[in-house]
Amino acid sequence: MTSVQYAIDQNLAPVVSVSYGECELEAPSSDVASFQLWARQANAQGITWFAASGDDGAADCGDSQNPGLAVDLPGSVPEVTSAGGTQFAEGTGTYWSTVNGANGGRHSRTFRRRSGTPARKTAGPAASGGGASVLFSKPSWQTAPGVPSDNARHVPDISMSTSDDHDGYLV
């Protein structure tokens, strides 16, 4: 995180991306305050900060201290863009039309999605982090149909096909 702070302080690039994070519930309040301060500074300078949403689905802490649901910092900071991973599970059937539709697309059926992790290959199921923050309230831009109506910041903000087993992208 020292590198993130340096990149923001020195205004080195228009985008900062970090794949490291920590469980919200186990982060010192000083880390939470620092991350939000850096993110606000980055936004004011025109820098977009992307952070991984985590590797363990909604159980980001996943330990005896905090075995319940949790999300990852700094991705849960409202001024940071939280990035998650997913995998399309097409099943069987036709999902692409042979001709373009009225809006120019060829998608003919709804895809089901399942979480996947770009960060590591595991012997069992793995999932990109995601869920509701216990530290940050819902930003105004997360109020819309289909978004949970609680007062929590939800992550990830964006997700891309990232499975190393199926249709992933190397970015």
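A residue is called buried when its relative accessible area is under 20%, exposed when it is over 50%, and partly exposed in between. Asp150 has a relative accessibility of 35%, so Asp150 counts as partly exposed. The structure in which these values were computed is a predicted model.

We begin with the chain as a whole. The protein chain has 171 residues, and 35% of them are buried. Its secondary structure consists of 2 helices and 9 strands. Of the contacts between residues at least 6 apart, 66% join residues that are at least 24 apart. The accessible surface of the chain is about 10100 Å², and carbon and sulfur atoms account for 53% of that surface.

One part of the surface can be described by its residues. Leu25, Val134 and Leu135 make up a nonpolar patch there, and together they have about 260 Å² of accessible area. Leu135 belongs to strand E7, which covers residues 131-137. With a relative accessibility of 41%, Leu135 is classed as partly exposed.

The next topic is charged side chains. How many salt bridges does the count come to? The count is 3 salt bridges. A salt bridge here requires a side-chain nitrogen of Lys or Arg within 4 Å of a carboxyl oxygen of Asp or Glu.

One of the salt bridges joins the side chains of Arg40 and Glu79, with an N to O distance of 3.0 Å. Arg40 sits in helix H2 (residues 29-44), while Glu79 sits in the loop between strand E4 (72-73) and strand E5 (81-89), so this pair ties together parts that are 39 residues apart in sequence. Arg40 has a relative accessibility of 49%, so Arg40 counts as partly exposed.

Another salt bridge is formed by the side chains of Lys138 and Asp150, at 3.5 Å from N to O. Lys138 and Asp150 are both found in the loop between E7 and E8, 12 residues apart. Is Lys138 buried or exposed? Lys138 counts as buried because its relative accessibility is 15%.

Asp157 is partly exposed, because its relative accessibility is 28%. Arg153 has a relative accessibility of 0%, so Arg153 counts as buried. Arg153 is placed in strand E8, which covers residues 152-155. Its side chain also reaches the backbone oxygen of Gly75, at a distance of 3.2 Å.

The last topic is the aromatic rings. The count of aromatic pairs comes to 2. Phe35 and Trp38 form a tilted pair, with 5.7 Å from centre to centre and 55° between the planes. Phe35 and Trp38 both lie in helix H2, where they are 3 residues apart, about one turn of the helix. Phe35 has a relative accessibility of 4%, so Phe35 counts as buried. Trp38 is buried as well, because its relative accessible area is 12%.

Phe35 also pairs with Trp49. The ring centres of Phe35 and Trp49 are 6.5 Å apart and the planes are at 85°, so this pair is edge-to-face. Phe35 is in helix H2 and Trp49 is in strand E3 (residues 48-52), so the pair ties together parts that are 14 residues apart in sequence. Trp49 counts as buried because its relative accessibility is 1%. Which residues form one aromatic cluster? They are Phe35, Trp38 and Trp49.

Notes:
Residues are numbered from 1 along each chain as its sequence is written. This is a predicted model: local features need pLDDT of at least 70, side-chain atom pairs count only at pLDDT 80 or more; totals for chains, interfaces and linings use all residues. Side-chain values use heavy atoms; hydrogens and water are left out. Helices (H or I, at least four residues) and strands (E, at least two) are DSSP runs, numbered from the N terminus. A polar contact is a pair of N or O atoms within 3.5 Å; within protein, one must be able to donate a hydrogen and the other to accept it, and residues adjacent in sequence count only if both atoms are side-chain atoms. Buried means under 20% relative accessible area, exposed over 50%, partly exposed in between (1.4 Å probe, protein chains only). Contact means heavy atoms within 4.5 Å. Accessible areas come from the Shrake-Rupley method with a 1.4 Å probe; for residues, only the protein chains shown count as cover. Patches are made of residues with over 30% relative accessible area and no salt bridge: like charges are joined within 9 Å, nonpolar side chains (Val, Leu, Ile, Met, Phe, Trp, Tyr) within 5 Å. Rings of Phe, Tyr and Trp (its six-membered ring) pair if their centres lie within 6.5 Å; planes under 30 degrees apart count as stacked, over 60 as edge-to-face and the rest as tilted.
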